[in-house]
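Good morning, and thank you for coming. Please look at the sequence and the model on the screen while I speak.

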Amino acid sequence: MLDQLQQIEQIGLTSLEQVSDEEHLESWRVSYLGRSSPLMQVFDKLGQLPKEERPLIGRRANEVKRALETALAEQSAVLQHLSLERTLQSQRLDVTLPGRRMARGRLHPAMQTLRQIYRIFGDMGFQIYRSREVETDEFNFQLLNFPPNHPAREMQDSYYIDTGTERGDNPVLLRTHTSPGQIRAMRELAALNPDNPPAVRLILPGMCYRYEQISARYEIQFTQVEGLAIGEHITFGDLKGTINDFGRRLFGQGVRTRFRASHFPFTEPSAEVDFECFLCNGAGCPVCKYTGWLEIMGCGMVHPVVLQNGGYDPARYTGFAFGMGPERLTMLRHRIEDIRYFWANDLRFLEQF
Ligand SMILES: [Zn+2]
C-alpha cells in the first residue's frame with residue numbers, strides 16, 4: 001500500500017509537469033484527485049485494513065493528497081500567469097496613449113450657407129416653406145407658365161418616374177427647381193381666405209434634380225433656395241431693396257448690386273443679380289474672372305399667370321420672386337472649384353467646413 005501511494009505521488013507529479021493549459025489541468029485534477037482516482041480508492045479501502053496499519057497508511061495518503069493539491073495550485077498559478085502574458089502580448093494596450101478623439105459631425109457646407117440665408121430673410125419676416133421633391137409636370141412646369149414644348153424646358157430636363165399609368169402631358173418627375181412650391185404655398189394660403197388671400201413672405205429651400213452631364217460646374221442634384229413675396233402694391237423697387245439688403249447682410253455693408261435684364265417664364269420683368277466681388281471689392285480677380293462682379297441670383301416680378309394659378313388675382317396682387325444656389329454661393333466664398341465635392345460624401349472635403 002505504501003509503495004502504491006509512492007507511485008501515485010510520483011506519476012501524478014511527473015504528469016502534472018506536462019500539463020500546459022487550464023483545460024488539461026482540470027482533467028489532471030479529475031484523474032489524480034477526483035472521486036474515482038486511485039488515491040481516493042486508497043482512502044475508501046482504509047476501513048478494510050488491519051487496525052495497526054491504518055494510522056501509517058492514512059497519514060501517508062494524506063501527505064500524498066496534500067502534495068498533489070499543492071502542486072496543482074502551483075501549476076495553476078503558473079498557467080494563469082502564462083495565459084495573462086499571452087493575452088498581454090496579443091492585445092497590447094498602451095495606457096499612456098492619449099484617447100482617440102470622438103468624430104464630431106457638423107452641418108454640410110451647403111446647409112451652413114442655407115442657414116445663413118434663412119437667418120437673413122427670417123429677420124425680414126420671411127418664413128420657410130418646404131415642398132415635395134417628387135412633382136408632376138403640371139406643378140413643375142405648366143402652372144409656372146412653361147407650357148408643354150416651351151423652349152425654356154430645354155434647360156431643365158428631369159428624371160421621369162414610371163407610375164405604371166398613362167399620364168399624357170402630366171408625367172411625374174423629380175422637381176427641377178423649388179418653384180413648384182410657389183404654387184403649392186399660394187394655393188394653401190389662398191384657400192384660407194379665397195376672397196382676401198393673405199400676404200406671402202416665404203423662403204422655399206430644397207433639393208432639385210436635373211438631367212445633366214456631370215462636370216465641375218453641373219451636378220444632377222443640388223440645393224436651391226428661392227423667395228416669394230406677394231401682396232398689394234409690391235413693386236420692383238421692393239424687390240431691389242430686399243435683394244440689396246440681403247447682399248449687404250451676406251457680404252458686408254458696402255457691397256454693390258447690379259440688375260441685368262433677363263428672362264424666366266414665371267417672372268415678368270426678370271433680372272439676373274450680380275453682387276460686387278467680395279474677394280477683390282470690384283477690382284477684378286480670378287474668382288470674378290476680372291469683371292469685379294459675381295452672378296448670384298435670378299429674380300423678377302411674379303408673372304400674372306403664376307399669380308392666377310396660385311389663386312391670387314393679378315389685378316389686385318403683385319409680388320416678386322428670386323432664387324439662388326447655396327452650393328454656388330459656398331463655392332464662391334470658399335473658392336471651391338468643383339461642385340461634385342458637395343455630394344461625393346468625401347470626409348476630407350466635408351471636414352474642412
Ligand atoms: Zn473678384
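This is a predicted model: local features need pLDDT of at least 70, side-chain atom pairs count only at pLDDT 80 or more; totals for chains, interfaces and linings use all residues.

Residues are numbered from 1 along each chain as its sequence is written, and side-chain values use heavy atoms, with hydrogens and water left out.

Now the answer. Arg184 has 16% relative accessibility and therefore counts as buried; the term means under 20% relative accessible area, while exposed means over 50% and partly exposed lies in between, with a 1.4 Å probe and protein chains only. Arg184 sits in helix H7, residues 180-192. Helices here are DSSP runs of H or I with at least four residues, strands are runs of E with at least two, and both are numbered from the N terminus. If we set aside neighbours within four places in sequence, Arg184 is in contact with Tyr129, Ser131, Arg132, Glu135 and Phe139, where contact means heavy atoms within 4.5 Å.

Next, helix H3, residues 38-45. Its buried residues are Leu39, Met40 and Val42. They lie on the same side of H3, because they cover an arc of only 150° around the axis; the arc is that of the directions from the helix axis to the C-beta atoms. Among the elements that cover these buried residues are helix H1 (2-18), helix H2 (22-33) and helix H4 (54-90).

Let us turn to the metal. Which residues are the protein donors of the zinc ion? They are Cys277, Cys280, Cys285 and Cys288, each through its SG atom, at 2.2 to 2.3 Å. Donors are N, O and S atoms within 2.8 Å of the metal (3.2 Å for Na, K and Ca); water is not among the atoms, so sites may look incomplete. Along the chain, the donors follow the spacing C-x2-C-x4-C-x2-C. The angles between the four donor atoms are 102 to 116°, so the arrangement is tetrahedral, a term that requires four donors with all angles between 85 and 135 degrees. Both Cys280 and Cys285 are buried.

Finally, the whole chain. It contains 11 helices and 10 strands. Along its principal axes, the C-alpha trace spans about 130 × 55 × 35 Å. Of the 353 residues, 42% count as buried. Thank you for your attention.

Notes
Four donors count as tetrahedral if all angles lie between 85 and 135 degrees; four count as square planar and six as octahedral if opposite donors are over 155 degrees apart and all others between 65 and 115; anything else is irregular.
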